[in-house]
Amino acid sequence: MQSRTPVPRATGRPRSAAADAAILAATREALVELGWSKLTLGDVATRAAVAKTTLYRRWPGKNELVVDAVAELFDELRLPDRGTLAADIEGVVLQFAAILARPEAKSGLMAVVAESTRDDALRERIRASIVDRQKRLVLEGRARAQRRGELPPETDPGETSRTVDLIFDVVAGAVVHRTLVSAEPADEEWVRGFTRVLLLGLAGASDGANPAEAAGAGAGGAP
């Protein structure tokens, strides 16, 4: 009789996507109702109708749980294809502002950012789960604009990475400050003005130039 090599068996229970979704939704609900200081993992487990052990197997503490709950909101962002770079930017910035206007996004983001000032591990989790994941929008937008001829191609990966980081910082910083710090609406008029400054700079934005036309005209020059 030939011997047979036993097939390894998976250990532990498979992770339930439904349970994850319920826990993250319950976390956002608790943030709005209770605030950061009163939110507990036990309360979240009760709201999500899961055992505490189920929650603790997935998230070691409140910091990690809240970051993931907030990150899920920003994963909803999509870059629309409106035909021009300027219009695409306006579309995604309006989406971003709408998410930040939601009570659960406000409560969660401001709480974890405040906590991260004294927690390096939390800061790294914010960067990995929110910042780095959403840089995909900048990469996608630049690649699309390059295919249209609105932006010049780039051959230096290091320069591309630095440019993407800068664009993301400018967009995210402006919108977060506008909505969460200044508590002013990032409406269509504001977004149009912001996009003009982003694409044309202060001098170009003040002379009435069209951002889409300027982007196309500059495609043959340096980025």
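Predicted model: local features only at pLDDT ≥ 70, side-chain atom pairs only at ≥ 80, totals over all residues.
Colleague: What is the distance between the end C-alpha atoms of helix H1, and what span should its 18 residues have?

Modeller: Helix H1 covers residues 17–34.

Colleague: Which residue follows H1, and what is its phi?

Modeller: At the start of H1, a side-chain oxygen of serine 16 lies within 3.4 Å of the backbone nitrogen of alanine 18. After H1 comes glycine 35, with a positive phi near 85°.

Colleague: What covers the buried residues of H1?

Modeller: The buried residues of H1 include Ala19, Ile23, Leu24 and Leu31, and also Asp20 and Arg28. Their cover includes H2 (41–48), H3 (52–58), H4 (62–74) and H6.

Colleague: At what angle do the axes of H6 and H7 cross, and is the pair oblique or roughly antiparallel?

Modeller: The axes of H6 (residues 103–116) and H7 (residues 120–148) come within 8 Å and cross at roughly 140°. Roughly antiparallel requires an angle over 145 degrees. H6 is therefore oblique to H7.

Colleague: How do the residues of the contact of H6 with H7 divide?

Modeller: H6 contributes Leu109, Val112, Val113, Glu115 and Ser116, while H7 contributes Leu122, Arg123, Ile126 and Ile130. They divide into six nonpolar, one polar and two charged.

Colleague: Is leucine 166 buried or exposed?

Modeller: Leucine 166 is in helix H8 (residues 157–181), and its C-alpha atom is 10.0 Å from that of valine 138. Exposed means over 50% relative accessible area. Leucine 166 has 54% relative accessibility, so it counts as exposed.

How values were computed
Residues numbered from 1 in each chain as written. Heavy atoms only, no water. Axes fitted to C-alpha atoms, helices over the stretch in contact; angles between N-to-C directions. Helix = DSSP H or I, 4+ residues; strand = E, 2+ residues; numbered from the N terminus. Parallel < 35°, antiparallel > 145°, perpendicular 65-115°, else oblique. Contact = heavy atoms within 4.5 Å. Nonpolar A, V, L, I, M, F, W, Y, C, P; charged D, E, K, R; others polar. Expected span 1.5 Å × (residues − 1). Buried < 20%, exposed > 50% of the residue type's maximum accessible area, 1.4 Å probe, protein only. Polar contact = N/O pair within 3.5 Å; in protein donor to acceptor, adjacent residues only side chain to side chain.
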